[in-house]
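Colleague: Hi! Could you walk me through this one? I'm new to reading structures.

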Amino acid sequence: MKILVPVKRVIDYNVKVRVKSDNSDVDLANVKMAMNPFCEIAVEQAVRLKEAGIASEVIVVSMGDKSCQEQIRTALALGADRGIQVETETAPDSLSAAKLLKALVQEEQPQLVIMGKQSIDTDNNQTGQMLAALLDYPQGTFVSEMSVENDKVQITREIDGGLQTLELDLPAIVTVDLRLNDPRYASLPNIMKAKRKPLAVKTPADLGVELNNKVTLVAVNPPAERQAGVKVASVSELVDKLKNEAKVL
Amino acid sequence: MTILVIAEHDNVALKSATLNTLAAAQQIGGDIELLVAGYNCQAVADAAAAIPAVTKVLLADNAAYEHELAENMSKLIVALVSGHSHILAPATTNGKNYLPRVAALLDVNQLSDVTAVESADTFQRPIYAGNAIATVKTDDVVKLLTIRGTAFDAVVAEGGSAAIEAVSEVCDNSNVRFVKEELAKSDRPELTTASVVVAGGRGMGNTENFDMLYGLADKMGAAVGASRAAVDAGFVPNDLQVGQTGKVVAPDLYIAVGISGAIQHLAGMKDSKVIVAINKDEEAPIFSVADYGLVADLFEALPELSAQI
Ligand SMILES: Cc1cc2nc3c(=O)[nH]c(=O)nc-3n(C[C@H](O)[C@H](O)[C@H](O)COP(=O)(O)OP(=O)(O)OC[C@H]3O[C@@H](n4cnc5c(N)ncnc54)[C@H](O)[C@@H]3O)c2cc1C
Ligand SMILES: Nc1ncnc2c1ncn2[C@@H]1O[C@H](COP(=O)(O)O)[C@@H](O)[C@H]1O
């Protein structure tokens, strides 16, 4: 069975982003970029399913300008077999991303799409659910455990109240949470090998998708700054301040 | 303008996230219909009807909705969308699960985790783990929003008497099946609505040491939270995680113990009214958001704190 893994190029998770002085957007000039951490977990899971003999091929796809080929190469170095870049000026909004992915799913016919639960830039947490709806596939979101058997996948989801287990018929969409696995690092030989793995480039037009986003970004502002606090010297001073100054005890 | 709000509940009780979501709907303005979709959930519908902000309760009571599977919920909501300008759901794992499906079926985008209403089409939401606040305008025909509960004060829950209208639509996808649920049971207040939260991180060291935090929490009537590192290490269950990818809390008092203050953690708690940090590393980033910082070994400070409260 084939597995499709969409990976997004985002700001490195260690970087604290700054807002541009004209408040038009955040400033990404010279900022370190990386694969969305949740997508790394998705790639790892797909590669493990291949190593276990369950998957036959792992295809990674990224949508964005040419620079996202870097993240596709990273995924190839981690063990994916081939890559597809869908060339768009900027990373598409979630609905457009889902439409492009739907077209790719129809072309490639994977039994499983494994993707991140959330991009750490937009914090949208939507694309997987949207893709599942467009295909009328079942979905397992926020997944921390999964096992594939025959034509089904059993998944455990991290939900607000605890854990929920569902069984989905394949084909299905799975979005992964942090505790599903610990992604491996790419070895140097694998990084070299990845350079020779196939990487196709497609346009939205090739996929018959017209992008049209009705949401506009009006402004981006920094969050409210917190007033600088004080250090207290002892527990008694802390309790006193909480009682008499902050009045929260 | 009529707004459809989706209720958060467990078939027995209406969850308070519903009340925060209704507050956001009120700020948009217009009539508000509240959908209760579940199984054997008449009690939830009755509670919903008592909320003065609600014009009408729609009750879809069917086994197909017992576990609120996204596949079934989304089709039900799409069947009810006609005549509604906005659809709002709480930004809980539940709302985040089904609402994007509704959006895709309606061919519109969704605004996630909305924290402020500027007008009927313009909203604010945090991006980049809350390090920036985006103001976004949507021209979609139906506007779909998930609402961050901590950003809106709950509406009054009692005193109304809205009509309850039964919905007969049954959407039951056969390609997904509920297997089981392991829900955390706790007598402590709910993490996202508690007025005091004591949270522990990797510095707590192990599960047993967390008992100190539970003890303190019980003395203070507080909820217990945790960093991702504490959950990953297995000290506490996943439902305690606070942060960009966990729960967002904004209590009157947040006490962070043995938590370094990574941006992903701050994203979930930096809107708390008063923040206390106890950490032995005076350089820990958590101190940059703390109103009161105590540089100390938590194993000495925690017992002392418990004794003095
Ligand atoms: C995509 C992504 C999403 C994430 N989402 C979240 C999220 O939602 N929530 C979250 O919390 N994290 C999240 N993280 C993880 C985050 O980056 C940090 O790794 C995590 O918050 C660290 O947890 P911690 O502060 O407990 O551990 P550490 O960073 O290891 O800090 C432990 C602290 O304890 C202190 N300490 C140790 N011993 C003692 C002692 N005896 N007395 C006093 N202090 C002591 C140390 O000085 C240190 O500051 C995410 C990461 C990624 C990549
Ligand atoms: N531009 C993109 N390229 C590839 N995958 C994407 C892209 N945008 C979103 N995704 C996938 O969708 C997941 C959830 O993203 P989001 O809904 O934007 O939070 C990500 O973890 C990716 O797997």
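**A chat about the model**

Modeller: Happy to! Let's begin with one residue: Met192(A) counts as partly exposed, because its relative accessibility is 43%. Keep in mind that this is a predicted model.

Colleague: Where does Met192(A) sit in chain A?

Modeller: Met192(A) belongs to helix H5 of chain A, which covers residues 188-194.

Colleague: Let me zoom out a bit. How many helices and strands does chain A have?

Modeller: Chain A has 6 helices and 15 strands. Its C-alpha trace spans about 65 × 45 × 40 Å along the principal axes. Of the 249 residues in chain A, 53% are buried.

Colleague: Okay, ligands now. Which residues come nearest to ligand 1?

Modeller: Arg202(B), Ser227(B), Val242(B), Ser260(B) and Asn279(B) come nearest, out of 30 residues around ligand 1.

Colleague: Why is the site of ligand 1 called shared between chains?

Modeller: Because the residues that surround ligand 1 come from chains A and B.

Colleague: Which polar contacts does ligand 1 have?

Modeller: Among them, a side-chain N or O atom of Arg202(B) is 2.6 Å from an oxygen atom of ligand 1. His265(B) also brings a polar side-chain atom to 2.9 Å from an oxygen atom of the ligand. With Leu298(B) it is a polar backbone atom, 2.8 Å from a nitrogen atom of ligand 1.

Colleague: How much of ligand 1 does the protein bury?

Modeller: The protein buries 86% of the 980 Å² that ligand 1 exposes when taken alone. Elements that give two or more residues to its shell are helix H1 (37-51) of chain A, plus helices H6 (228-232), H7 (263-266) and H8 (298-308) of chain B. By class, that shell has 12 nonpolar, 13 polar and 5 charged residues.

Colleague: What about ligand 2, which residues are closest there?

Modeller: Pro6(A), Met63(A), Ser119(A), Asn125(A) and Thr127(A) are the closest of the 19 residues that surround ligand 2. Polar backbone atoms take part: one of Pro6(A) is 2.8 Å from an oxygen atom of ligand 2, and one of Asn125(A) is 2.8 Å from an oxygen atom of the ligand. Thr127(A) uses a polar side-chain atom, 2.7 Å from an oxygen atom of ligand 2. Taken alone, ligand 2 exposes 480 Å², and the protein buries 99% of that.

Colleague: Which strand gives the largest share of the shell around ligand 2?

Modeller: That is S6(A), with 3 residues. By class, the shell has 7 nonpolar, 11 polar and 1 charged residues.

Terms used
Residues are numbered from 1 along each chain as its sequence is written. Chains are lettered from A and ligands numbered from 1 in the order in which they are written. This is a predicted model: local features need pLDDT of at least 70, side-chain atom pairs count only at pLDDT 80 or more; totals for chains, interfaces and linings use all residues. Side-chain values use heavy atoms; hydrogens and water are left out. Helices (H or I, at least four residues) and strands (E, at least two) are DSSP runs, numbered from the N terminus. Buried means under 20% relative accessible area, exposed over 50%, partly exposed in between (1.4 Å probe, protein chains only). A residue is near a molecule or strand if one of its heavy atoms lies within 4 Å of it. A polar contact is a pair of N or O atoms within 3.5 Å; within protein, one must be able to donate a hydrogen and the other to accept it, and residues adjacent in sequence count only if both atoms are side-chain atoms. Accessible areas come from the Shrake-Rupley method with a 1.4 Å probe; for residues, only the protein chains shown count as cover. Ala, Val, Leu, Ile, Met, Phe, Trp, Tyr, Cys and Pro count as nonpolar, Asp, Glu, Lys and Arg as charged, and the others, Gly among them, as polar.
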